[in-house]
Structures are given as structure tokens and as C-alpha cells.
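Look at the structure below and follow it from one chain to the next.

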Amino acid sequence: MSNSAREVILGSIRTHLAASPPADDHPVTPANPVILSNSDPITRFKESLEAVSGHCIIATDATDATDVLKQILTDLKAQRVAYSDNPPDKHDIFGFDVGVSTAQAAIAETGTLVLDSAGERHRLVSLVPPVHIAIINASCIVETLSEALTLLQKKEISPAITFITGPSRTADIELTLAIGVHGPQQLYVIVDGSK
Amino acid sequence: MWTSIGVSSVGVLRRVGCEVEFDKRQTCCAQPAFNTGYLDEARLVARRFISIFEESKADAIVSPSGSCTAMVHHYPQLFAGDSKWLPRAHAIAAKTHELSSFLVRVLKKEDVGASWNGRLTWHDACHGLRDLNIKSEPRALIRNVRGAEFVELEHADSCCGFGGTFSVKYPEISVAILDEKIDAIERAGVQAVVSGDASCLMQIGGRLSRKGSKVRVMHLAELLNESSQQ
Amino acid sequence: MNHLSSETFKENAKAALADVQLRGALKNATSLFGERRKEAAAGLPNWEDLRSQARAIKDEVLLHLDRYLEEFVRNAESRGATVHWARDAAEANSIICGLATERAARIVVKSKSMTTEETHLNEALEAAGMQVVETDLGEYIIQLAHEPPSHIIAPAIHKTRQQIGELFTAELGMPPTDNVDQMTSTARMKLRDRFAAADVGISGVNFAIAETGTIVIVENEGNIRLTTSLPRLHIAVMGIEKVIPRFNDLDVFLKLLPRSGTGQRLTTYQSFITGIKRAPSDEGPDELHIVLLDNGRSRMLAHPVTRQSLACIRCGACLNACPVYQQVGGHAYGSVYPGPIGAVITPQLMGIQKAAQLPYASSLCGACREVCPVKIDIPRLLLHLRGEISPRKGSRAERLAFKMWARVMTSPSLYRLSSVAGRILQRVMPISRAWTKGRDLRPVESKSFHDLWTNE
């Protein structure tokens, strides 16, 4: 049955295209990439993330980053923390307060985290608990969306890649911004600035 | 239907040194039929337009209407695939200009020696604005009218709601859209609204008058034809 | 569900104009959306280049749609997705209901998908005995209210916060409030256990990448990620026009879509889903089924003017810019797709006889064309559709009137006569009555410009 629907649809596409008069030709050159800022990627990432209500803390090295994480968890009075290297089962994760992950890349121009399922089990840890904390190394920050897309294609595309830009939000009620809907209500990104 | 627009346009063009001819055989650019979907009827009338104006030895065909000018520029679309009429359509379209565009872009004149005392604002008619990119030209011309205080209208580029047969097929929506324009005009506190399209002026003027407003509507040609000699 | 019909657009519009609350909500929403879009577009100096590029990519795909679809399917299937082809709405619903029933599904969570509204999927699933839960906040609101969406991006934009507060109190037992954060928390809480319990997650697709077999879905709330990560079965429904050639093409579209739709640089989440998980113990669904829907789209390929309809990326910018939509809102159009894009695709998808009024419900101002990220020439499309409808379906009086008009306009003597007659008749013609309900007519002039002109 499915095969015949496929053939009907493809056939319909081909027939209608064949019947079409030619279109005007408008050759187009690709748009030049635009770099909008001169500041360094870390600063730019921090500014972009904070502009969308994310928290960004720059740590001096891995030890400092761990201390920052501990401090945030203490401040949040977090009881149950889920980590992406050993995440809880999908039936249990709804009971956790905080999800902690890394990220495989980050985009400075938009303040975006790039999470790749081949790199870590990020899907639920970075989504279900009301707080998501990501620890990244500054070296994983690229300047533009385009660079991130190129990076992802260096190997076969993973089954699940997620871009995260700030905490979850909606403006469905009178276009009034509300932060924290189905995804996390708070996003912290700790940037380990060491080389 | 609005003779002073024609009279004023001729007056302005002569004042800046043009020799003006008017072919009395002309009737219509065919826009009403084209916009309502009666393409065969539009083509009948468009062919007449093309034939008449082809005979002229003039350097340019000038119209005091952005929408009519845009219509003529659409003639190639109307005659697509017609090997006989398409080149003729292209030729006429290339020669046809809207008045303010002709004055500023072709004749390079932004000061036509006009004067008019009062506070006024400009409404961007949609076809002129979006089909012909006419935006800075009328403003440049108005700024040179001695004695006129020009105020930029809020949402000057929003539609007045006329839209040809739309205004009578959907009169309630047409007037609802129009009232946004009227509100902006009232907030601007002007004595006159100027535009480049008679249809917009009829729409806006008709509502202003219904509401008992003292604000008058003027076509750009009428404004530019005003001089201190009067 | 109270669906207005596109066949009664005129009446629907009149009712909408009388609804003061609706008009207030629309005014706020469309002007805010418009300002945000404008600012976001201005933030990219190469905005116009991006638009041209996006349109070029879409033109390329549509001209070879069969080839790109086959490439997409091949790649998606090689990664473990199962792809289904649906000729029409009924077939799509049947496939999806079948998948759910075979797996004894009871609870279905859905993220916003205009395509599934187009096919009326929810009704079909409910008829098959399933509980369907819309999880996008706007969709959740209208589901509770039993209303169709009124905007492509913000489905509940026609409702005030007071109305939504009252709805939540009545349907969800929320303590009375009109505080937006509290309403949002209520929705979050109520939907959490639905996500956890769901057997099936159904989503739409923003872009389908031919080169890699990837589907890309964008959102702000997180409900799409939950819908596509938690249940064992994920069904993604897409119109056949959603395919784009290369992964890198996303750079252009991910710049244009969020800015045009909501004025954001990027929406909070983008999910790039390619097939199914590699190991059973990995996170994510066990199965991914992709349903490709035609439902009239392939017909639109037959002419360059109509083909561009399929370039639409469903951003909603044209709705916000449209003076007609701003006044009457989405419900009046009686279609899942309202506003300027709706006025051109509804007659093509549903058939001209069902939506003949829509192409005429426009002043042809062109504001839509100006904001469309893929440069669809909607006014040109409207005129094309009018050209199909008027000669065949225009009223006899109108067709006759234009035939006479052409005769008058091609005969100088008739023209002169008609000018005189017209000046007398304009006071009494039905057209004048429609005009004079709200506007005065200009005083009649005794002489025309033709009369005044003397050859010197």
C-alpha cells in the first residue's frame, strides 16, 4: 500500500513539474558571513547567553569550575542531582532538582550550547529537571552557527543533537514572556577558561 | 473624476520646463479588471493603452498615479508568452513614470517652486511604495514647498484599506483598516494629508468628511502646483 | 470544535470586527510581533542576501522535489527511520492511527504541528480511542477551549490573559489569577505526568535535510524535546515541501525563521533528529516514523507562480504585517492557515470552491511580500488565483459588468457617454451603497479632464 502511495506522489510531483512553464532565472551568490563583534568568543558567549536570561560564570580552570558547580548546587539547595555520564532512568528523572552535563560545542554569537548524543547522554538530563547546569571548556566555543554546523558534519551525524539557547520560555499568553515552561527554568553555563 | 489632479500635473510639468501632450483617446490602464481577475478584459484595454501611447513621440509617459504606473509596469506580466505584444508592453512600461519619480529621478528636480502654508503629512500609497519604490521622492518635493510644515505620519506606509474592488467587496474591513489611518492623521494634528494616488485620497477623504473632520486631502500634484502667485 | 468555514469569510470577518476584545488582542499581538521582527531583521546587515539565498534554495528543491525527497527518504531509512507516504489527509490519519493502535497506545502527546491540524489528526486519534494531549502552551489553551488556532506561531493570540485565566480555573481547577507566570506553571505541572505516561509522541518538522536524513524541529518551550525523547514511538509528520538539500543550508534558514517568526536570534531549542538510537540502552524513542504528506501540494508545482507557495517556512510574519489579518484575526479565514499565506494556499489545498472568497480578501498592499523571509510574491499569487476564479465563478452581474467595462474603455465615444452616465449613476449603484456605509463620496464634477483639455 505504502509503495503505491509513494509512486503516486512521486509521479504527481514529476507530472506537475513537467507541465510547468519555465521560471525566471535569478542566480544568487551565497551571502557573506557577517561577524558582528570584535570581542573574544568567551565574552561574546557570556553576553549572548545573559541576553536570553541564562547565567554564565567564567572559571579559571577545571578545579575552579568544580567549585563553582558545588557553590551553585549549594545555593539552589539541590537535593537530587542527575549527571549526564550516568543519568537516571526516564521514569525516575522527573524527581530530580538539577541536571548537570557538559556540551560538545558552544556558539558565541547566540549563546548556544551544542549537545551531541554521541558525546553524552544529554537528552533528558538537560531537559527534565527544573535547573540545567552545563560545564564547558572555552576551547569548544566557536564564533558562528555556520561553524557549529560544519563541526557537526565532521563525522556521521549523531541520532540526536540539541541546541540550547537559554532557559525554556513562552510568549503564548498575550505575547508576555514567561521563563520556564516545559524545559528547565534556569540554565547555568560554567566556562572553564583554561587552555 | 478628479480633474484638478490632471490640471495640476500638467501645470507642474510645464513649470519645470516640459512640453506636455495629452491624448484624448486614452481611457484606462486596465487596473480594475486586472486586479479583480478579469485578465481577458484587462488585455483588451491594455492593448488599447499600448497602441495609443506607442504613437506618441514623447520622451516619457507620466502619470499622477502610483497604482496606474505600477499597472503599466505589469503589462509584460499580462502579455507573458505573447510574442507580438510582449515587446511592445516592455517598451511602454519602460517609458512610463509616476509623477514624483519622474520629477526627482529623471528630471533631477526636487524644488518645483511651490508654496503652501500649513501643516501637512504624507501617506505612502501601497503600489507606489512597494511596486515602484517611491518613498524619498515625494518627501523631498514636499520639503521644498515654501511655507509647508511637514510632519511624518505614524505608520505612513500602512495601507489605507482601499484596494480597488476590495473597498466595496469588503467595506467593513476596508473601513476598519482605514480608521487606523484616520487615527494616525488625527494624532498628527495636520491641516492636510497628501498622497500620490487618487484612490487613497478618495478613501481617506471620504472617511474624514464622514467624521466631520476639517483635515483636507490633497494630491501631490495639487500641492506642487500651488504657488505664491495665487 | 467550532470551526468557521472559509466559505463564509465575509460573515466571519464582520463578526470578528464587532468583537472588541479580539481586536484589542490582535492589535497588541501583531504590532509587537511586527516590531520585534523588524528589529531582529535589522540586526543582520546581510538580511536581504539571506532572503534571496533562502528563496534560491527553495526554488532549487521544488524544481527537483522528487529527487530530494527520495534522497531524504533513503538517508532517513538508512539510519533506522521508517518513512510513510500519505496522498491525502485521510491516508495520513489512517497511517498514524494504525501505528498507535498496533502498539496499544492510550496516551498521545503532541507538539505543535500545523500539518496535523490540516489533516484533523486529533479527531481521528480520539475516534480510535486515544487520549490526545497538546503540549505547546498555546495549543494546550485552545484544546481546552475547543477552538482552532488563530495564528501560525501563537495559536491562542486571540485570547486575553483574563480569558485564559478563567479557562484554566474552569478546566484545571487553578486558583483564579491573571498572572502569566502562574498560568504557565499550572500548564507545566498538569502536562508533566502526560509526558511521562505517553506511549506515542507526535511532532511536526520544520526542515528535513535530504543530505543526511535529518529532521529539524525548533521551539522555545521544551515540549517538542519531551515529546520526541520520552515516548517509545515518535511520529514526525511533514508536508513534502519541508525538505531542504544540505545540512549547511540550515545556516540560512535558522537565521531567517526565528527572527521572522518571533524576533529572536534563535529559539531556545533546536532538535536535530537523524534516525533512531544506536543502542537499545541509549536515550530516546525505540522507533521513529516519518509521515510525508502530499494533500494537494504536488499540484502546486505546476506553475512557477503557485510553486512559490511551497517555499513557505511557516514563520507567520505575513499574518502580522497584513492589514486585513490585523483587523479580523485568524478564525475568520476558516482555515488552519490564515492570513496572506492562508489566503493563497487554502484554495489550493482545499479546492477553490471551498475558499473562493479568500483571494479577494486583500487590498493587495504588498506588506506580506516585504516581510516574507523567502520572498513569496503573495500579491502576485492572489492575482493569479483571482484570474482563475473570477471568469468562472464571479457573479453573473460582475462578469457582465467587466465585459461592458472593457467595451466602454475601448471605445472613445462610449467612454465619454459613460463618464456622464457614471456621474449620475454613482449615487445609486449598489457599489455606492457599499462605499457610503462608512465613507462620503466626492462631489460630482461637471467636466472631466478630457473635456477641459484643449490642444494648444
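In what order do the five strands of the open sheet in chain A stand? The order is S1-S11-S6-S3-S2, and the pairing is parallel. What is shown here is a predicted model. The edge strands of this sheet are S1 (55–59) and S2 (81–83) of chain A, and each of them pairs on one side only. From one strand to the next the twist averages 20°. As background, strands of a sheet pair through backbone hydrogen bonds, either parallel or antiparallel.

One pair in this sheet can be followed in detail. S1(A) and strand S11 (residues 186–192) of chain A run parallel and are joined by five bridges. Within that pair, His55(A) has Tyr188(A) in S11(A) as its bridge partner. Helices cover the sheet as well. H2(A) packs on it and touches S1, strand S6 (131–137) and S11 of chain A, with its direction at about 155° to that of S1(A). Helix H3 (residues 62–75) of chain A lies across S1, S2, strand S3 (98–101), S6 and S11 of chain A. The direction of H3(A) runs at about 160° to S11(A).

A second sheet involves two chains. Eight strands form an open sheet in the order S7(A)-S4(A)-S5(A)-S8(A)-S9(C)-S6(C)-S5(C)-S8(C), and here the pairing is mixed. Why is one side of S7 of chain A and of S8 of chain C left without a neighbour in the sheet? Strand S7 (141–142) of chain A and strand S8 (243–244) of chain C stand at the edges and have a single partner strand each, so one side of each has no neighbour there. Helix H12 (residues 250–261) of chain C packs on this sheet, where it touches strand S5 (207–209), strand S6 (214–219), S8 and S9 of chain C. The direction of H12(C) makes about 175° with that of S5(C).

The step from chain A to chain C within the sheet is made by S8(A) and strand S9 (residues 269–274) of chain C, which pair in the antiparallel sense over five bridges. Two residues of chain A show how the strands line up. Ile164(A) stands opposite Tyr269(C) in S9(C), and Phe163(A) has Gln270(C) as its bridge partner in S9(C).

The contact between these chains can also be described as a whole. In chain A, 77 residues are in contact with 99 residues of chain C. The size of an interface is often given as the accessible area lost when the parts come together. Chain A and chain C bury about 7100 Å² between them, with 59% of it on carbon and sulfur atoms. Seven salt bridges are found across this interface. One of the salt bridges joins Asp66(C) to Arg14(A), with the closest N and O atoms 2.8 Å apart. There are also 36 residue pairs in polar contact between chain A and chain C, counting pairs with both residues at pLDDT 80 or more. Several elements of chain A each supply at least two residues to the side that touches chain C, including helix H1 (2–19), helix H4 (145–152) and strand S8 (160–164). H1(A) gives the most to that side, with 13 residues. The residues of this side of chain A divide into 40 nonpolar, 26 polar and eleven charged.

Chain C also meets chain B. How many residues of chain B are in contact with chain C? The number is 55, and they meet 58 residues of chain C. The area buried between chain B and chain C is about 5200 Å², and carbon and sulfur atoms give 61% of it. In chain B, Phe22(B), Tyr38(B) and Tyr170(B) lose the most area to chain C, together 13% of what that side buries. The count of salt bridges between chain B and chain C is eight. Among them is the pair Lys403(C) and Glu41(B), at 3.3 Å from N to O.

The last point is how the chains are arranged. Of the two pairs of chains in contact, chains A and C share the most contacts. Chain A and chain B do not touch, and their nearest C-alpha atoms are 10 Å apart.

Key. Residues are numbered from 1 along each chain as its sequence is written. Chains are lettered from A and ligands numbered from 1 in the order in which they are written. This is a predicted model: local features need pLDDT of at least 70, side-chain atom pairs count only at pLDDT 80 or more; totals for chains, interfaces and linings use all residues. Side-chain values use heavy atoms; hydrogens and water are left out. Contact means heavy atoms within 4.5 Å. Buried area is the accessible area (1.4 Å probe) that two parts lose on being put together, summed over both. A salt bridge is a side-chain nitrogen of Lys or Arg within 4 Å of a carboxyl oxygen of Asp or Glu. A polar contact is a pair of N or O atoms within 3.5 Å; within protein, one must be able to donate a hydrogen and the other to accept it, and residues adjacent in sequence count only if both atoms are side-chain atoms. Helices (H or I, at least four residues) and strands (E, at least two) are DSSP runs, numbered from the N terminus. Ala, Val, Leu, Ile, Met, Phe, Trp, Tyr, Cys and Pro count as nonpolar, Asp, Glu, Lys and Arg as charged, and the others, Gly among them, as polar. Two strands pair if DSSP finds at least two bridges between them. Axes are lines fitted to C-alpha atoms, for helices over the stretch in contact, and angles run from 0 to 180 degrees between N-to-C directions.
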